[in-house]
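Good morning, colleagues. Please turn to the display, and I shall take you through several parts of this protein in turn.

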Amino acid sequence: MTLMWIIAAIFYSIMSFNAGLYVWLESRIGVGWSYVIDQSLPMVIAVIFLLQSNLVRPIARTISQHKIQIGILLTAGVIAHGLILRYYFFAEDSSSILTPVTNGAAGFPFHYIINGYPFASFVLSYLLFGTNAWFYNIVSLFWFIFAAVSLYFLVFVISNKKSIALLSSLYFATTPVFLDVFSWQANAQGMPLVLGLHILSFIFLYRYSQKRASIYYLLSLLFFIASVKMGFVRIAGLVFGLFAILWMPAKRKRSIIMRLGESFGIGLVWLGFIGIRLIPGGWSAVLEGVLKKSNVVVASPFRWDIYSERLAYYMAQLVMPNAIGAFPSMRMWIGSLVLNPFIEQYLIYGIGLVSLIGFIIIGFLALFRLKNQHWVTKILVFSVVLILSSMFYVPLYITTKSDLLFFPFYFSRITPPYGPGARYVFAAAVGVSTLFGVGLYWLWGKKGIVFGRVGWIVTLVVLMGNSMVSIQGHRGIVEGISNKERALIDKFFAMVPRDGKPKLIYSVNPVRNALDVNVAGWRWLYGFYRTDELFYSNDVREIRNLIESGIYTKDRFFAFYANPETSVFANISGMARRIFFEKENSIPVPIVFEEAVSETEFTKIDTNGTLYLAKRPMLTSREIGERLLLPTMLEISLGQNILPDVQFPFSDAVIIPKEARVPGQFWWMIKEYAPIAARSIQEILSSFTVLSFQDRLLGEINLDDRIQINRAIQKVDLIRQGIRASVSGLDETDARVRAQSLIDGVFVSDPSPAPDEIFYLGNNNLPIEIILSFAESTDVGRILLNTPKNMVSERMPLEGVVYGSRYGESYVKIGRIGEDTKISWSPNNGGMHAVTVIPGIYRSVKIVITQTPSAPVSLDEIVIEPVSNRQYSPDKIFELAGVNWHYVNDFSIQETLSSLIRYKTMLLAWVCAEDADWSKQNQNQKTLIGGLWHFRSFPLQHGRQTVQTALDCSGSILRKIIVVGSPNPSSLEVYSARIQ
């Protein structure tokens, strides 16, 4: 009778693998429930058979005898991985798995991405819990503990020893080697569930090999079918563990024919899934995609050097959590040589290969002693088989960099959700865990008190170390991703109903938020909303066009503000509906300043000589409190008067008191020649070489040179004002990339540009052409091309040609870019070429860059200089300009400075913040809270003038407006200001 059930189960598995049940149900109950029922039916059948068998009471009795051990495992699992309860939807699961479910894609289970993956539990969680991520994570933690408890009973069944079973399962429950399993909620639910089912098949098959009761084989086969059906791709190699159990010596001997028959039944199920589901379903497409991604040609010969590197990397990840490499203290403890990347890459390589050789030796030694049927040899052989049987995942590591040099980076990174740990070693970790338990059992079993103490120390260190690294890895994901995701998306879900009706969503802040940066961008939401239900945009023009189309009604229009840097969220749908649907006009709002007049403040400090610190005039408005959904015009009438009495020598500097009007970091946001900002006079004297300026000015720096430098800068400014830039190969994927930024006079800050900074970045095509057209014929003698520091190694120009045109039509070669034009100085520690060209009067200049080290060219600034500037090197001009700017000891210096365009600019700043962000900013007197502050510079004339500019708060609340005068000692007065 049992044999008939076994045959029926095998035939059922063949039909189940064809997903016929799904096809029949899909048109009746939808994609989601059809998929869950079809995928989980084999598991349900296996559980029903188990409950109907006479094994329920013995199993219940056995479980009750291990309540303490199960409680310890539960506690350890919750401690090490409990932080996953705070995880959120931040991976591609929602877009690639839930979108077909939500939108009824009939071919869902046949898609090669879904085929054979363990996603049934995740889809069921979606159907039951919707957008409540906490319940998903509860399920994930439950299934993980189920897998750990299953492993405990597997080791106990083989060894009949609670201690070794507990040690092995505790290692598995705490190790971080597969930590990124939890980073994808579909994997976090599915992989532990499937692994637990497969371990149950191990347990029942081992019991069958010992007792020869056919019911055990049937149950093993049923749970194996369930695990294959629900997650073949993640546990495919574990089938060899079943074969190992069948062919191990047992007290009840079986003939070779019988073992072949038993193996045939398991193999038929395994091969049946491959033949029915993977090959027709697109397995070849998956393989082709992996090969293309890794730049491996299918027809290329096998290369052991590449495969051995991947194999070593795989084994190193399996035996040593890669997170250990991310702790500098740990790496220092290993030895200072490890910090050398050359040594470190071979250390990882060596650990991996030594581990592989060690596993093979252990397996062979145990294999030769299997005949004694001792449980230790059985576990050793079984463990090594599980480790080696998962080696088919090794080719996946080809998608990483093939050079060993990159191993330390990939091995030590904690970059959620791609580290620490690798989900590809999840199944193999079962084998390592059991080896750990056997090793400690051997250590404890040695005679002598020393070995026992060593055993306890090793146990505590490993388990506590595992838990600490796991906790830190989870915390990194929670703090780096999940918290920000949850802060925005929970409120988004609460704001936007999932009712199937068409809805238009306006993200007023154009800065990319958690929705925009998620996998698949904002279309990630289609995992929870139908594609015909929701459209999202942060483009006001697109929003206006869609509203005018009449598709969306007023009550179906939603708008929100989100600050991605602080996770603050505000639902401003009501205001947006009034503006876009009711055409509500704004009312002028007067802006009142705390003081109407401010002038440069001179503070005398004692050095070796007298020096005055000249704090620029600054006017700050009172609290405004107006929410600005669209750019709003500010009109401000003000006047500047140069002070007749200037205290020489003076320096453009500011001492920031503890209770300042603006945070200290505010002054560093003035991009062009920021003032010296410090908390005290002592800090200025210690951090800035004011005294060295005085010493040098006494003998080294000629006054005429200082005046000439100011005039040289003035010439560059005048040239810049009339330049129009056009480029080829512009990288249009980054909104900050603008051709005109090449000549805006701002060198990008290092190591990366500020959020509001624009720069030039070419695409992959070379050569790149940059044409600079002048307003009128211009004297050109030298061209400076600067690349920011973080892009020098890959994106700095290596070779190129400079052409000039006298009439703006035909071009002739006037210079070249090469190794001889590269100089060792850059204003932002980047890389600079100083190209001396054939002197002439030109209407336009064309720069053709033909080679970079390895990536698209990047430039943050191009400076066109007249011939007269060539008497000074670029670094000399920059150095003396700094001296002039920060040490003015003569009227002639001030006079030439006053002629510079950038010396005659005022800074306009405005702050937009929700209540929570504004409260944090008011409590923080040092740094600027991200996403709140906006800056703009304007030329400032002498006398009265009116400035008009659009203030954009992106839907947030305008709090204050701040006006900072020019560095030129002056008074600044605001006569009136308003926004409308």
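Strand 16, residues 768-787, and strand 22 run antiparallel and are joined by five bridges. This is a predicted model, and I ask you to keep that in mind throughout. Within this pairing, Asn 786 has Glu 861 of strand 22 as its bridge partner.

Is strand 22 mostly covered or mostly open? Strand 22 spans residues 861-865, and five of its five residues are buried, so by the cut-off of under 20% relative accessible area the strand is mostly covered. In a regular strand, the side chains alternate between the two faces of the sheet. Here, Glu 861, Val 863 and Glu 865 lie on one side of strand 22, while Ile 862 and Ile 864 lie on the other. Both faces are covered, as all of these residues are buried.

Four strands form an open sheet in the order 2-1-3-4, with mixed pairing. Which strands stand at its edges? They are strand 2, residues 534-537, and strand 4, residues 568-571. Each has a single partner strand, and therefore one side of each is left without a neighbour in the sheet. On average, and with direction ignored, neighbouring strands of this sheet are turned by 20 degrees against each other.

Strand 1, residues 503-507, and strand 3, residues 557-563, run parallel, and four bridges join them. One of the residues involved is Leu 504, whose bridge partner in strand 3 is Phe 557. Helix 23, residues 540-548, lies across strand 1, strand 2 and strand 3. The helix runs at about 160 degrees to strand 1.

Leu 21, Trp 24, Ile 29, Trp 33, Ile 37 and Leu 128 make a nonpolar surface patch of about 550 Å². Two elements give two or more residues to this patch, namely helix 2 (20-29) and helix 3 (31-52). Helix 2 gives the most, with three residues. Ile 37 is found in helix 3. Why is Ile 37 called partly exposed? Its relative accessible area is 34%, and the term applies because this value falls between the limits of 20% and 50%.

Finally, some totals. The protein has 31 helices and 27 strands, and 54% of its 980 residues are buried. Among contacts with a separation of 6 or more, 81% are between residues 24 or more positions apart. The accessible surface comes to about 42500 Å², and carbon and sulfur atoms account for 59% of that surface.

Note on methods
Residues numbered from 1 in each chain as written. Predicted model: local features only at pLDDT ≥ 70, side-chain atom pairs only at ≥ 80, totals over all residues. Heavy atoms only, no water. Patch = residues over 30% accessible without salt bridge, like charges linked within 9 Å, V, L, I, M, F, W, Y side chains within 5 Å. Areas by Shrake-Rupley, 256 points an atom, 1.4 Å probe, with all protein chains shown as cover. Salt bridge = Lys/Arg side-chain N within 4 Å of Asp/Glu carboxyl O. Buried < 20%, exposed > 50% of the residue type's maximum accessible area, 1.4 Å probe, protein only. Pairing = 2+ DSSP bridges. Axes fitted to C-alpha atoms, helices over the stretch in contact; angles between N-to-C directions. Contact = heavy atoms within 4.5 Å.
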